[in-house]
Amino acid sequence: VYKKFAIRGDTDISIVGVSCSITLGEDGVITDARIGLAAVAPTPIRAKAAEELLIGNKLTAELIEKAGEAAAAACAPITDQRATAEYR
């Protein structure tokens with residue numbers, strides 16, 4: 001899945017974007033995870049620490065929260081005309 005946040009929708013430049021792909025094993029354990037972040041660094045980046053946190057675990061609300069925090073820690077957003085660094 002890819003989620004883009006922009007003021008005027010799909011035709012506008014992103015304020016922030018995130019993509020995520022998760023593969024689950026038959027037992028519900030995450031066997032692979034990929035998280036991409038856009039507009040929060042000079043170029044799109046992968047949140048590898050968040051990916052590693054997910055792999056080998058079952059998906060829970062608490063795990064999603066921890067992965068989100070790890071992904072946020074990987075960011076180095078800037079302030080520009082679309083949003084402040086803190087907002088991103």
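1. Strand β2 (residues 16–24) and β3 (30–38) pair in the antiparallel sense over eight bridges. Two strands count as paired if DSSP finds at least two bridges between them. Strands here are DSSP runs (E, at least two residues) and helices likewise (H or I, at least four), numbered from the N terminus. C20 stands opposite I35 in β3. The hairpin of β2 and β3 has five residues between the strands, and G28 takes a positive phi near 85° there.

2. A note on the basis. This is a predicted model, where local features need pLDDT of at least 70, side-chain atom pairs count only at pLDDT 80 or more, and totals for chains, interfaces and linings use all residues. Residues are numbered from 1 along each chain as its sequence is written, and side-chain values use heavy atoms, with hydrogens and water left out.

3. β3 also pairs with strand β4 (residues 45–46), in the antiparallel sense, over two bridges. G36 stands opposite R46 in β4. Six residues lie between the strands of this hairpin, and A39 takes a positive phi near 65°.

4. Next, the core. The largest nonpolar core has 11 residues, among them I30, V40, A47 and L63. Such a core is a set of buried Ala, Val, Leu, Ile, Met, Phe, Trp, Tyr and Cys residues joined through side-chain atoms within 4.5 Å. Buried means under 20% relative accessible area, exposed over 50%, and partly exposed in between (1.4 Å probe, protein chains only). β3, α1 (48–54) and α2 each supply at least two residues of this core. The largest share, four residues, comes from β3.

5. Which residues of α2 are buried? They are L63, A67 and A71. They cover an arc of only 75° around the axis, which puts them on the same side of α2. The arc is taken from the directions from the helix axis to the C-beta atoms. An α-helix has 3.6 residues a turn, so residues three or four places apart point the same way. The buried residues of α2 pack against β3 and α1, with contact meaning heavy atoms within 4.5 Å. The face turned away from the buried side carries exposed A61, E62 and A73.

6. Last, the rings. The whole structure holds one aromatic pair. The ring centres of F5 and Y87 are 6.3 Å apart and the planes are at 50°, so the pair is tilted. Rings of Phe, Tyr and Trp (its six-membered ring) pair if their centres lie within 6.5 Å; planes under 30 degrees apart are stacked, over 60 edge-to-face, the rest tilted. F5 is partly exposed at 36% relative accessible area, while Y87 is exposed at 55%.
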